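Please open the structure in a viewer and keep the sequence panel beside it. The stops below are given in the order in which to select them.

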Amino acid sequence: MSPVALLLILAAAFAHAGWNLAAKRVPNGGALFVWLNATLSAVLLVPVVLLTATPSWDWVVPLVGSGLLHLTYFLLLQRGYATGDLSVVYPLARGTGPLLTVMLAVTVFGERPHPLGLVGAAAVVLGVLVIGSGGSSGGSRTAGVVYGLLTGAVITGYTLWDANTVNTVAIAPLVLITGSSVTEAVLLAPYALSRRASAVRMVRRHWRAVCVVGVLSPLAYVLVLFAMTLAPVSLVAPARELSIVVGGVLAWLVLGEPNPVRRLSGALIVLAGVAAIAVS
């Protein structure tokens, strides 16, 4: 993997962990929180795209498809955070995604990454599972595991869809994330407008979290999309999961979630896997 791609992934990891921590700290955010984030992202990104690119009808299907997948991802993630620990939902979601992505990238796209890269990908997944094995108990833990796995499956879908969009269809990463944000905002608008009072209350109480997620979420993913133009998706997908190391530490230090020794042990395994991917 090229040094530039690795730097993009590292920057994306910190941005991704940061916005997930912000999202977790909003109780019962749900669809309204997702709509506010998507709307803010769209407002910030659309003028940039209009100034730097010429819209085309050929964008419609790839961008709407991406928006639908990302909307499903955000809704599942918010539901997971409402019912389970960050230290369970986040690593399981991020770990299931690259495992399935690598399998499909090799079998469907015909990618042939270096064997050391595949060993690194396996180490990342193992480390994520070690981290995700610690957390709360009972029903909340079960719900966290279920939503984490479902979210990971959707991550696989949007990763492969978006990788094909930027590499095969040749739509710029910034255009893709903008179109996805617009699709999410438009689809949730009727729901949000029917609950205007609740939306206003959420803005007043959680405007900082809305701003953090609305800015860092598209930034993190644009960085990953650019990395996908420089390295195979079968390596980018697991390498970006370095974010779970940051997220795990934040869950312990900021949220006071349990099992820090288990979490940091898993983090070391993830770091070893990322190192293997970087030199492959």
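The tour goes from the whole chain to single residues.

**Ground rules**

This is a predicted model, in which local features need pLDDT of at least 70, side-chain atom pairs count only at pLDDT 80 or more, and totals for chains, interfaces and linings use all residues. Residues are numbered from 1 along each chain as its sequence is written, and side-chain values use heavy atoms, with hydrogens and water left out.

**Whole chain**

Start with a cartoon view. The protein has 11 helices and zero strands; helices (H or I, at least four residues) and strands (E, at least two) are DSSP runs, numbered from the N terminus. The radius of gyration is 18 Å, close to the 19 Å from the globule rule for 280 residues, so the protein is as compact as a globular protein of that length. That radius is taken over C-alpha atoms, and the globule rule is 2.2 Å times the number of residues to the power 0.38. Along the principal axes, the C-alpha atoms fill a box of roughly 50 × 45 × 25 Å.

Colour by accessibility next. Of the 280 residues, 53% are buried; buried means under 20% relative accessible area, exposed over 50%, and partly exposed in between (1.4 Å probe, protein chains only). Among contacts with a separation of 6 or more, 90% are between residues 24 or more positions apart, where contact means heavy atoms within 4.5 Å.

**Helix 8**

Select residues 196-228, which are helix 8. Helix 8 has 33 residues, yet its end C-alpha atoms are only 39 Å apart, short of the 48 Å that a straight helix would reach at 1.5 Å a residue. The expected span is 1.5 Å times one less than the number of residues. Centre the view on H206, where helix 8 has a kink of about 90°. The bend at a residue is the angle between axes fitted to the seven residues ending there and the seven starting there.

**The nonpolar core**

Which residues have the most contacts inside the largest nonpolar core? They are M1, F33 and Y73, in a core of 74 residues. Helix 8 gives the largest share of this core, 12 residues. A nonpolar core is a set of buried Ala, Val, Leu, Ile, Met, Phe, Trp, Tyr and Cys residues joined through side-chain atoms within 4.5 Å.

Leaving out residues up to four places away in sequence, F33 touches A23, V26, Q78, M202, A209, V210 and V213.

**Aromatic pairs**

A search of the whole structure finds four aromatic pairs. One of them is Y73 with F74, a tilted pair at 5.0 Å centre to centre and 55° between the planes. Rings of Phe, Tyr and Trp (its six-membered ring) pair if their centres lie within 6.5 Å; planes under 30 degrees apart count as stacked, over 60 as edge-to-face and the rest as tilted. Y73 is buried at a relative accessible area of 3%, and F74 is buried at 13%.

Now select Y158 and Y221, an edge-to-face pair at 5.4 Å centre to centre and 90° between the planes. Y158 lies in helix 6 (residues 139-167) and Y221 in helix 8, so the pair ties together parts that are 63 residues apart in sequence. Y158 and Y221 are both buried.

Go to E184 in helix 7 (residues 173-193). Is E184 buried or exposed? At 4% relative accessibility, E184 counts as buried. Apart from residues up to four places away in sequence, E184 touches A38, G67, H70, L71 and F74.

Then select E257, in the loop between helix 10 (243-253) and helix 11 (260-278). E257 is buried as well, at 8% relative accessibility. Beyond its neighbours within four places in sequence, E257 is in contact with K24, D85, L86, S87, A251, W252 and R263. One of these, A251, is in helix 10 and is buried at 0% relative accessibility.

**Two loop residues with positive phi**

Most residues other than glycine have a negative phi. N28 has a positive phi of about 55° although it is not a glycine. N28 lies in the loop between helix 1 (3-24) and helix 2 (30-52), and is exposed at 62%. Finish at A170, in the loop between helix 6 and helix 7. A170 is not a glycine but has a positive phi of about 65°, and at 60% relative accessibility A170 counts as exposed.
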